[in-house]
Amino acid sequence: MGAWDLLLAGLVLLLGLYGVLLPGVPGSWLVWAGVLWWALKDPRPVAWWVCVGATVVLLLSQVVRWMLPPRRLRAAGDDARMLAYAGCGSFLGFVLLPVIGAVPGFLAGIYVFERLRLGRHGEAVAALRTALRSGGWSVLTELFTCQLITAAWLGAVLWG
């Protein structure tokens, strides 16, 4: 696989990760499509194993998301800046404490946003709970899944 094809597949994965945080953008499917494109272009078996693993993890994540309450973040008054804080926190947590750090990072990102917005610890914690009840768990599930798939792809590209 050429360097340009690899770069474009990586950009599709990044667009998918960003798309998870944007309403109406099928972020998880973009991540999967980027992995599939890479697997079609790369003849090594590790590429197909990553693609099969990504498919299984993505389908499991969709089942989990369907089991969560179908509430929306917008209805609770949360905005795109809160999702940006949550996404940055999740990414930092994923990198600093590999894999499992994404969940506390996501929660910390929402907390920091709410603390800056509201100014008090108690109100920020209450707003964090409200955001999670109104659809935050669904966003976290999808984002965490996409981060796992992207990390597997990156590991296969660098060390496979």
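A residue is called buried when its relative accessible area is under 20%, exposed when over 50%, and partly exposed in between (1.4 Å probe, protein chains only). The model is predicted, so local features need pLDDT of at least 70 and side-chain atom pairs count only at pLDDT 80 or more, while totals for chains, interfaces and linings use all residues. Residues are numbered from 1 along each chain as its sequence is written, and side-chain values use heavy atoms, with hydrogens and water left out.

The largest nonpolar core holds 30 residues; such a core is a set of buried Ala, Val, Leu, Ile, Met, Phe, Trp, Tyr and Cys residues joined through side-chain atoms within 4.5 Å. Val35, Trp38, Phe106 and Ile110 touch the most other members. At least two core residues come from each of the helices H1 (3-20), H2 (27-41), H3 (45-67), H4 (80-96), H5 (102-118) and H6 (121-159), where helices are DSSP runs (H or I, at least four residues) numbered from the N terminus. H6 contributes the most, ten residues.

Rings of Phe, Tyr and Trp (its six-membered ring) pair if their centres lie within 6.5 Å; planes under 30 degrees apart are stacked, over 60 edge-to-face, and the rest tilted. The whole structure has three such pairs. Trp29 and Trp32 are edge-to-face, because their centres are 6.3 Å apart and their planes at 80°. These two residues are three apart in helix H2, about one helical turn. Trp29 is partly exposed at 40% relative accessible area, and Trp32 is partly exposed at 23%. Tyr85 and Phe113 form a tilted pair, because their centres are 5.5 Å apart and their planes at 50°.
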